[in-house]
Amino acid sequence: MSALDAILSNPAYHDYLAILKGARNGFVYGVKVRFPHALIMAILFGRGDWATRLRTIYRATKQHALNLAKFVSLYKTLLLVQKKVNGGKQRSFDTFIAGLIGGYVVFGERTAVNEQIVLYVCSRVVASFLARAKTPYSKTSAAPGRPLPPDATQFSIFAALCWGAVMWLFNERGETIQPGMFSSMTYLYRDSEHWNNLKTLLWHNT
């Protein structure tokens, strides 16, 4: 075993190396998630020539990837600091404090990319309050098991309320809707009201 392998496998360095690995995974995941999304949005709704669109794709992908890398590394660092302050033990609310600070520092600036990420996270937090379809996780288990689907009845009500609310907002208070979603809804519900001939009815959007 080389000296480097010895360091990598040494439990004494595990928490510190986990910060580095978390930053790496955050960056890679950000690229995987943002690049195809930005590419599709540029094709469907992009303006300007392809050089301008490619720059937009690059900037969005870079910001998403770097912000996730920053958040994961900062989050893990804050957990480690709290753990050391607390005598080597992690408390249940340490994760909330680390997420709170990390969220403010990394995602607190209002940009299009940050807004999309925060709204995505927010929707998952809200949906987590729906009852699960099966028995909740055991509090005594070492780690949470596979995520359980929400109760079918509660999800149906949740879905109805979400769609009713967003359609009313789109029609009555469109300025409050996130820009990307507004563009998608405009394409679906308003652009479909206009056509000049068979081509613009079925093949090409006007």
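Keep in mind as you look around that the model is predicted.

Stop 1: Phe71 and Tyr75 lie four residues apart in helix α3 (residues 50-85), so about one helical turn separates them. The structure holds four aromatic pairs. Phe71 and Tyr75 form a stacked one, with 6.0 Å from centre to centre and 15° between the planes.

**Stop 2: Thr61.** Stay in helix α3, where Thr61 has its place. Is Thr61 buried or exposed? Thr61 has a relative accessible area of 10%, below the 20% cut-off, so it counts as buried. Show its surroundings next: leaving aside neighbours within four places in sequence, Thr61 is in contact with Val31, Arg34 and Phe35.

**Stop 3: a charge over a ring.** Select Trp50 and Arg53. The charged end of Arg53 sits over the ring of Trp50, 5.1 Å from the ring's centre.

**Stop 4: two crossing helices.** Colour helix α6 (residues 152-172) and helix α7 (residues 179-190), whose axes come within 11 Å and cross at roughly 85°. The two helices, α6 and α7, are therefore roughly perpendicular to each other. Which residues meet where they face one another? From α6, show Trp163, Val166, Met167, Phe170 and Asn171; from α7, show Met181, Phe182, Met185, Thr186, Tyr189 and Arg190.

Then zoom in on two residues from that list, Phe170 and Arg190. The charged end of Arg190 sits over the ring of Phe170, at 4.2 Å from the centre of that ring.

**Stop 5: how confident is the model?** Finish by colouring the chain by pLDDT. The protein chain averages 89, and 94% of the residues score at least 70. Which helix has the highest confidence, and which the lowest? Helix α4 (residues 94-107) is highest at a mean of 96, while helix α8 (residues 198-202) is lowest at 87.

Where pLDDT is low, the predicted coordinates should not be read in detail.

Definitions and conventions
Residues numbered from 1 in each chain as written. Predicted model: local features only at pLDDT ≥ 70, side-chain atom pairs only at ≥ 80, totals over all residues. Heavy atoms only, no water. pLDDT = per-residue confidence, 0-100. Phe/Tyr/Trp six-rings, centres within 6.5 Å; stacked < 30°, edge-to-face > 60°. Lys NZ or Arg CZ within 6 Å of the ring centre and 35° of its normal. Axes fitted to C-alpha atoms, helices over the stretch in contact; angles between N-to-C directions. Parallel < 35°, antiparallel > 145°, perpendicular 65-115°, else oblique. Contact = heavy atoms within 4.5 Å. Buried < 20%, exposed > 50% of the residue type's maximum accessible area, 1.4 Å probe, protein only.
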